[in-house]
Amino acid sequence: MKLYIKNMVCSRCVMVVQTELEKLGLQPLDIQLGEVQLEEVEAQKISLEVIEAALNKFGFELLTDKKKQLTEQIKTAIIELVHYPTETLKINLSDYLRAHLHMEYAHLSTVFSETEHNTIEKFFIQQKIEKVKELLTYGEQSLSEIAYLLHYSSVAHLSTQFKKVCGVTPSDYKLNQHTVRKPLDEI
């Protein structure tokens, strides 16, 4: 049985979910961002309400609605792509999501927009800007290196997008760091 969990955005989230499930006497077969795989026999040991109550204490939400589950899968794929890349994005986002989730992009886009009242593209840009903020805060890379790392066509494109989203240029942000970063689960 597969459980879909909202707000799992990092490896610490995975550890918390695993710990909470183990406290309930469950032994997950696999845990990834947004998903937990349980054996059918394991899943029948305890009600979904008990699992949800344990996870809610830490800000997680058990998703039972199919559209919300798909939306969370889209978000997870984008978060992994932007914040934890294992490969470079050599194809466009729609092709990446289609290949990753095995569904047509038009369907993914429609469901995402219905549930989030936002577009996939805007969510993707918001994630990239949060990653830019993180990298600027560390100060270990130049803006050119950050633009290259996040697959912007140029530093000017990154700067324009950053200013549009944040209201300040990347240079102003780096100097003043007066814009607060958002946790990934609040984007």
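His-102 is exposed, with a relative accessible area of 69%; exposed means over 50% relative accessible area, buried under 20%, and partly exposed in between, with a 1.4 Å probe and protein chains only. His-102 sits in the loop between helix H5 (93-101) and helix H6 (105-116). Helices (H or I, at least four residues) and strands (E, at least two) are DSSP runs, numbered from the N terminus. Phi of His-102 is near 55°, a positive value in a residue other than glycine. His-151 also has a positive phi, near 65°, and is likewise a residue other than glycine. The loop that holds His-151 is the one between helix H8 (143-149) and H9. With a relative accessible area of 40%, His-151 is partly exposed.

The structure is a predicted model, in which local features need pLDDT of at least 70 and side-chain atom pairs count only at pLDDT 80 or more, while totals for chains, interfaces and linings use all residues. Residues are numbered from 1 along each chain as its sequence is written, and side-chain values use heavy atoms, with hydrogens and water left out.

The protein chain as a whole comes next. The protein chain contains ten helices and four strands. Read from the N terminus on, its elements follow the order β-α-β-β-α-α-β-α-α-α-α-α-α-α. Along its principal axes, the C-alpha trace spans about 55 × 35 × 30 Å. The protein chain has 187 residues, of which 44% count as buried. Contact means heavy atoms within 4.5 Å. Of the contacts in the protein chain with a separation of 6 or more, 59% are between residues 24 or more positions apart.

The strands form an open sheet of four, in the order S2-S3-S1-S4, with antiparallel pairing. Two strands pair if DSSP finds at least two bridges between them. At the edges are strand S2 (30-32) and strand S4 (61-63), each of which pairs on one side only. Neighbouring strands of this sheet are turned by 25° against each other on average, direction ignored. For such angles, axes are lines fitted to C-alpha atoms, for helices over the stretch in contact, and angles run from 0 to 180 degrees between N-to-C directions.

S2 and strand S3 (residues 35-37) run antiparallel and are joined by three bridges. Asp-30 has Gln-37 in S3 as its bridge partner. S3 is also joined to S1 by three bridges, and these two strands run antiparallel. Here Gln-37 in S3 is the bridge partner of Lys-2. S1 in turn pairs with S4 in the antiparallel sense over three bridges. In this pair, Tyr-4 stands opposite Leu-63 in S4.

Two helices lie across the sheet strands. Helix H1 (residues 11-23) lies across strand S1 (2-6), S2 and S3, and runs at about 145° to S2. Helix H3 (residues 48-56) lies across S1 and S4, at about 140° to S4.

Is Thr-71 buried or exposed? Thr-71 counts as buried because its relative accessibility is 2%. Leaving aside neighbours within four places in sequence, Thr-71 is in contact with Val-111, Phe-112, Thr-115 and Glu-116. The side chains of Thr-71 and Thr-115 are joined by a polar contact of 2.5 Å. A polar contact is a pair of N or O atoms within 3.5 Å; within protein, one must be able to donate a hydrogen and the other to accept it, and residues adjacent in sequence count only if both atoms are side-chain atoms.

The axes of helix H7 (residues 120-138) and helix H9 (residues 155-166) come within 10 Å and cross at roughly 100°. That makes H7 roughly perpendicular to H9, where angles of 65 to 115 degrees count as roughly perpendicular, under 35 as roughly parallel, over 145 as roughly antiparallel and the rest as oblique. On the H7 side, Ile-125, Ile-129, Val-132, Lys-133 and Leu-136 meet Leu-158, Gln-161, Phe-162, Val-165 and Cys-166 in H9. The residues of this contact divide into eight nonpolar, one polar and one charged. Ala, Val, Leu, Ile, Met, Phe, Trp, Tyr, Cys and Pro count as nonpolar, Asp, Glu, Lys and Arg as charged, and the others, Gly among them, as polar.

Val-165 lies in helix H9 and counts as partly exposed, at 43% relative accessibility. Leaving aside neighbours within four places in sequence, Val-165 is in contact with Ile-125 and Ile-129.
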